[in-house]
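Please look at the sequence and structure below before reading on.

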Amino acid sequence: MHRFANPTRFVALARAVQPWAMTIALATLFAGLWFGLLASPPDYQQGETVRIMYVHVPAAWMAMFCYTGMAGASAVALVWKHAVAHVTARATAPIGAAFTFLALVTGSLWGKPMWGTWWVWDARLTSVLILFFLYLGYMALENAFDDRARGQRAAAILAIVGAVNVPIIKFSVDWWNTLHQPASVVRLDGPSIHPSMLTPLILMAVGYTAFYIWVLCLRVRADINMSKVRALKLRNA
Amino acid sequence: MNDYFNMGGYAAFVWPAFALSFGVLATLLVASLKSLRASEQALLDAGAKTETPQ
């Protein structure tokens with residue numbers, strides 16, 4: 001891993017990964033839409049609203065995956081002072097925030113017809129809302145200092161402390177009473193969901209992950225370019 | 001066909017969920033592509049400055 005602490009190598013890696021991530025994202029999202037909207041049956045209880053699952057569940061997974069990545073990269077950045085770890089965390093934040101926003105809104109759109117309410121202040125929904133605010137707080141704090149290094153350090157600490165929320169989200173449906181259903185894919189006894197619905201779900205999840213990697217490559221490259229620009233300007237000043 | 005778009009009466013929930021998901025992700029993608037282009041241009045501009053005669 002330390003090999004890629006060098007920004008030039010990291011950019012080379014991002015450039016190499018980017019077209020693959022793009023191809024996988026576009027192909028799996030297209031296939032996921034096909035299976036999700038056309039080639040999968042309605043649920044026997046939830047009817048056609050079950051299709052919202054194919055955009056809701058992967059977004060919620062990505063919300064937690066991105067946060068874990070952001071907190072992990074922040075820890076690496078603080079411990080080993082790797083600049084690219086900060087860059088990775090910073091580039092991840094808006095993507096994770098977008099997925100969290102989508103998980104909340106699509107969940108609301110699913111909750112209204114199935115639970116009879118757009119929102120309940122239960123543990124699962126509230127902890128995901130807090131996750132969204134953690135992303136926003138990270139981005140705000142990162143930009144709040146004139147000294148960039150201080151902002152990065154403050155935001156990294158916030159990201160690490162906020163990581164305690166991730167297991168709370170994951171286990172909230174087991175620890176507290178909630179309208180939200182418990183896990184049906186990631187279970188010790190295997191997925192309790194029919195293959196016809198598991199297929200689009202997995203395709204969309206792979207698509208969202210590849211999309212994250214694709215956009216991450218773009219943002220990392222832009223971020224490293226801008227730090228080069230700042231260094232050049234400083235030298236010429 | 002109309003039956004399909006009606007989504008068993010849940011069209012008002014299913015379609016916005018999909019439209020919003022792809023809308024938000026597409027916006028994020030376009031914004032990221034734009035900022036990459038802008039950063040490349042900024043790098044060219046900053047680099048061009050170093051090549052001006054002393």
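## Salt bridges and core

A:Glu142 forms a salt bridge with A:Arg90, with the closest N and O atoms 3.0 Å apart; a salt bridge here is a side-chain nitrogen of Lys or Arg within 4 Å of a carboxyl oxygen of Asp or Glu. The pair links distant parts of the chain, since A:Glu142 is in helix H4 of chain A and A:Arg90 in helix H3 of chain A, 52 residues apart. Helices are DSSP runs of H or I with at least four residues, numbered from the N terminus.

This is a predicted model, in which local features need pLDDT of at least 70 and side-chain atom pairs count only at pLDDT 80 or more, while totals for chains, interfaces and linings use all residues. Residues are numbered from 1 along each chain as its sequence is written, chains are lettered from A and ligands numbered from 1 in the order in which they are written, and side-chain values use heavy atoms, with hydrogens and water left out.

Buried means under 20% relative accessible area, exposed over 50%, and partly exposed in between, with a 1.4 Å probe and protein chains only. A:Arg90 and A:Glu142 also belong to a network of salt bridges that includes A:Asp223. Over all chains, a search of the whole structure finds five salt bridges. Side chains of opposite charge can pair when their charged atoms come close.

Three of these pairs are set out here.

| Pair | Closest N to O distance |
|---|---|
| A:Glu142 and A:Arg90 | 3.0 Å |
| A:Arg221 and B:Glu40 | 3.4 Å |

A:Arg221 lies in helix H7 of chain A and B:Glu40 in helix H2 of chain B, so their pair joins two chains. A:Arg221 is buried at 10% relative accessible area, whereas B:Glu40 is partly exposed at 27%. B:Arg37 is partly exposed, with a relative accessible area of 48%.

How many salt bridges does the rule find across the interface of chain A and chain B? It finds one. In contact (heavy atoms within 4.5 Å) are 41 residues of chain A and 30 residues of chain B. The area buried between the two chains is about 3,100 Å², and carbon and sulfur atoms give 83% of it. Buried area is the accessible area (1.4 Å probe) that two parts lose on being put together, summed over both.

The largest nonpolar core has 73 residues, and A:Met53, A:Tyr67, A:Met70, A:Phe99, A:Tyr208 and A:Phe211 touch the most other members. Such a core is a set of buried Ala, Val, Leu, Ile, Met, Phe, Trp, Tyr and Cys residues joined through side-chain atoms within 4.5 Å. H7(A) gives the most to this core, with 15 residues. Not counting residues up to four places away in sequence, A:Met70 touches A:Ala89, A:Thr92, A:Ala93, A:Tyr135, A:Tyr138 and A:Ala159.
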